[in-house]
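Dear colleague,

Please find the structure below, handed over for your reference. A short account of the findings comes after it.

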Amino acid sequence: MMETSKTIEDVYYYDTSLNRFIHGSVKIQNGIIAGVEETQNSGDCSRFLIPGFINTHSHIAMSRFRGRLDDVNLEKFLEKTFKLDSERTKDDIFHSTICGIYELLSNGITSFFDLYYDEDIIWDACNKMDIRSFLSWNTLDREITTQKGDPVDNAESFIREYNGKSSIIYPSIGIQGVYVASLDTMRAANNVSKKFDTVLHMHLSETRKEVYEFLDKTGKRPVEFLSDNDLLSKRLNAAHCVWLNDHEIKALGKNEVNVSWNSESNLKLGTGGFPPVPELMNNGVNITIGTDSNGSNNSLNILETAKTGTISIKNGRWDAGILNATDVFRMLTVNGGRASHIPYLGEIKIGAPADFNIIDGNHFSLQSSDPDVMINQIVYSMNPAAITDTVINGKYIKKDGKMNLDIENNYRESLRFLKAAFKV
């Protein structure tokens, strides 16, 4: 049961408005941060309270596919994925999701965005694991889908049935990509998103092949095409966005699109190049971080993903200062909250959802109680094992280094099922 009121004292909490740590206390009440108070540090405080990490692109039910889709390019990856997807059962999807969520929680991820079909099954798993979730039912053209019925109708039915059913799980709609969705399908999905005021989650400009095949087919690049058809908006959570030109970057910024940067997935699939992150930031695009799936990344360690992406951009641009640790930390937290449209999600301030992690500064990957360098260490060196406590909606998911017993038991049960059924 959620604790209705609790005060966490003697911590450095990260003030996202001031971009610095402040020693004090944080009060949580009914799932909300009800108070923050600065106090004098009278001892050797080594606990740091930060917003929970927000993973803005995943396919969480693909947890079971880890190690089964490696060392192939994206086209072969998708071919193998579509085959595996067509053979899945409800139990498989449910238990794979439970195991994936356990990994998210173990990495300090308190919210995640998902793009898949059968999101009603995934909703049940999220509800059981008490994680804040943004679940987008994937849509594509009816004649090529493995879903029963029309994917857009399926998505709308999902939203209608599950909207408001949970205070922390939000149903929405997605689009697989321009390579399998016609203009009519994309317009229909966008209309559903507008009608219910939900996130619209899609893959966009992930590979050069995708971009140039679409250009040959339509005479326009994908982002340009979406812009010309009024399909760009602040509701859009666009994953990848690797292959963009200057005109497209400006269009994304003008329309307040959220871009989910999935560095490790892109690198592992050999998509070539890197998203133009500095240019996107300079044009007002809200950059967030996504891990993608265990099929393409093989890990849901979002800190590893953020570090890999950051140092890749630094190296590729021959400029170590082109991105800084604070920029990246905000991508992991505040920016992810902006993409969700949940007020103050990803922040530590009065009125924000009580979703946060507590870090042990004495952990071997940090070895510091200095608040002036802690953000740098979180981004560049921290092992997720340094997180001692994880709280979602005011409820302890992990405390004193141990996962909530219900969460632990759910994971063990699902792991046993998958091992028996699939020899994972």
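The notes below go from the whole chain to one residue.

This is a predicted model, in which local features need pLDDT of at least 70 and side-chain atom pairs count only at pLDDT 80 or more, while totals for chains, interfaces and linings use all residues. Residues are numbered from 1 along each chain as its sequence is written, and side-chain values use heavy atoms, with hydrogens and water left out.

The protein chain has 15 helices and 16 strands (DSSP runs of H or I with at least four residues, and of E with at least two, numbered from the N terminus). Its radius of gyration, 21 Å, is close to the 22 Å that the globule rule gives for 424 residues, so the protein chain is as compact as a globular protein of that length (taken over C-alpha atoms; the rule is 2.2 Å times the number of residues to the power 0.38). Along the principal axes, the C-alpha atoms fill a box of roughly 65 × 50 × 40 Å. Of the 424 residues, 60% are buried (under 20% relative accessible area, 1.4 Å probe, protein chains only).

Thr16 lies in the loop between strand S1 (5-15) and strand S2 (20-29). With a relative accessibility of 4%, Thr16 counts as buried. The side chain of Thr16 makes a polar contact with the side chain of Glu347 at 3.1 Å (a pair of N or O atoms within 3.5 Å; within protein, one must be able to donate a hydrogen and the other to accept it, and residues adjacent in sequence count only if both atoms are side-chain atoms).

How values were computed: Buried means under 20% relative accessible area, exposed over 50%, partly exposed in between (1.4 Å probe, protein chains only).
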